[in-house]
Amino acid sequence: MDLRTALQSSRRSGTARPMTNLGREVRLGTASLSSNANGPLVDVEKLNIKKYARKTGLAMVLTDYLLYVEHNTRKALDLCSEATKEADYKNWWWKVRLGKCYFKLGLLRDAEHQFKSALKMQPIVNTYLELCNVYTRLDLPNTALDLLKEGCEKFTMEPRLLLGIARIYDLLNDAENAITFYKRPEMSIRYYRRLLQMGVNNTEVWNNIGLCCFYSSQYDMALGCFDRALSLASDEDMADVWYNIGHIGISLGDLGLAYQAFKVAVSIDPSHGEALNNIAVLEMRRQKMGDFQEAHNYASKSLKLYPNHLDSKELINMLQKTFLNN
């Protein structure tokens, strides 16, 4: 029997076809990326880190898979380190991923070094935000603020950077500066109107349009928007809408409207701590001893729901001093 006949008969009999050396090497090389129905997509333990680090595109995909799917930060760190060496330390993408790995492992100063190095190579909004998270974790809010303001100079009116600045001021209990950065009513209202044109018609959109109109001093339009929001609201959302109406009442000097709005919010959601706190403040303004007691009761309820609510704590202290003086 010649070789051709032998090969043909072996195929018909169902035996394995002959394997060349090249075919065997290909199968061995891709074994770590093969998957089965009951196992993971990638066999992490079999990954040849140095080999895949030389294949930039595949290495990037593998890194994100290890970080966000497998949550194997140490393996991702090994791959990023090798890939960074292959790139001669000149690829900002790998530096950002190294920073992410160090951050997840709690090595904050190493993460800071990598993010700062990446920003020197390629300023990216996401990198500014990642480095800001590092400074926040290190309890360096002023450094984080300086970084975000630097980012705003390069990326003018970037909403994510502005929102980050507002949130840090919020964490510092600097309400005035926080509100300054939170409020961008003229710009925001254009986007909300665009959502309406696209057919998005729900409580959240009308509520936010109402707030934008209010902060733009369009008071008559604001109340109309809140009325529309209430008509679309579910029981879960309605308390928040009434709470916002209460704030408008305070800003307009209509304390009766504000008081009733907060009362309605609490009747819908008895666990609405912010509304309870504001009712306590309004009760206190009535300047009567009985109302001071009522204010104390509402502030106490607010603290039971939110034990770390700073405004409620300050109000309780103020009321206790009032009781002692009387």
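Student: By class, how many nonpolar, polar and charged residues does the lining of the second largest pocket have?
Tutor: Start with the general idea. Rolling a probe the size of a water molecule over the atoms shows where empty space is left. Now the case here, in a predicted model. By class, the lining has five nonpolar, three polar and two charged residues.

Student: Which residues line the second largest pocket?
Tutor: They are Leu-129, Cys-132, Asn-133, Thr-136, Arg-160, Leu-163, Gly-164, Arg-167, Ile-168 and Leu-171. Helix H8 (125-137) and H10 are the elements that give two or more residues to this lining. H10 supplies the largest share, six residues. The space in this pocket is about 220 Å³.

Student: How much space lies in the largest pocket?
Tutor: About 1500 Å³. Its lining has 40 residues, and the closest to the pocket centre are Ala-178, Ile-179, Tyr-182, Lys-183 and Tyr-215. Several helices give two or more residues to the lining, among them helix H10 (159-171), helix H11 (175-182), helix H13 (203-215) and helix H15 (235-252).

Student: Which element gives the most to the lining of the largest pocket?
Tutor: H15, with six residues.

Student: Now the helices. At what angle do H6 and H7 pack?
Tutor: The general idea first. Two packed helices are described by the angle between their axes and the distance between the axes. Helix H6 (residues 92-104) and helix H7 (residues 108-121) pack at about 160 degrees, with axes 8 Å apart. That angle makes H6 roughly antiparallel to H7, because angles over 145 degrees count as such.

Student: Is the crossing of H6 and H7 left-handed or right-handed?
Tutor: Left-handed. The residues that meet include Trp-92, Val-96 and Phe-103 in H6, and Leu-108, Phe-115 and Met-121 in H7. By class, this contact has ten nonpolar, three polar and three charged residues.

Student: What are the angle and axis distance for H4 and H5?
Tutor: Helix H4 (residues 56-68) and helix H5 (residues 73-86) pack at about 160 degrees, with their axes 8 Å apart. H4 and H5 are therefore roughly antiparallel to each other. H4 passes H5 in a left-handed crossing.

Student: Which residues make the contact of H4 and H5?
Tutor: From H4 come Ala-59, Leu-62, Thr-63, Leu-66 and Leu-67. From H5 come Thr-73, Lys-75, Ala-76, Leu-79 and Cys-80. By class, that is seven nonpolar, two polar and one charged.

Conventions. Residues are numbered from 1 along each chain as its sequence is written. This is a predicted model: local features need pLDDT of at least 70, side-chain atom pairs count only at pLDDT 80 or more; totals for chains, interfaces and linings use all residues. Side-chain values use heavy atoms; hydrogens and water are left out. Axes are lines fitted to C-alpha atoms, for helices over the stretch in contact, and angles run from 0 to 180 degrees between N-to-C directions. Helices (H or I, at least four residues) and strands (E, at least two) are DSSP runs, numbered from the N terminus. Angles under 35 degrees count as roughly parallel, over 145 as roughly antiparallel, 65 to 115 as roughly perpendicular and the rest as oblique. A crossing is left-handed if the near helix is turned anticlockwise from the far one by less than a right angle, and right-handed if clockwise. Contact means heavy atoms within 4.5 Å. Ala, Val, Leu, Ile, Met, Phe, Trp, Tyr, Cys and Pro count as nonpolar, Asp, Glu, Lys and Arg as charged, and the others, Gly among them, as polar. On a 1 Å grid over the protein atoms alone, a cavity is a set of points where a 1.4 Å probe fits but cannot get out, and a pocket is an open set with protein on both sides within 12 Å along at least five of seven lines; lining residues have an atom within 4 Å of a point. Grid points are joined across faces, edges and corners, and a volume is the space filled by probe spheres set on the points.
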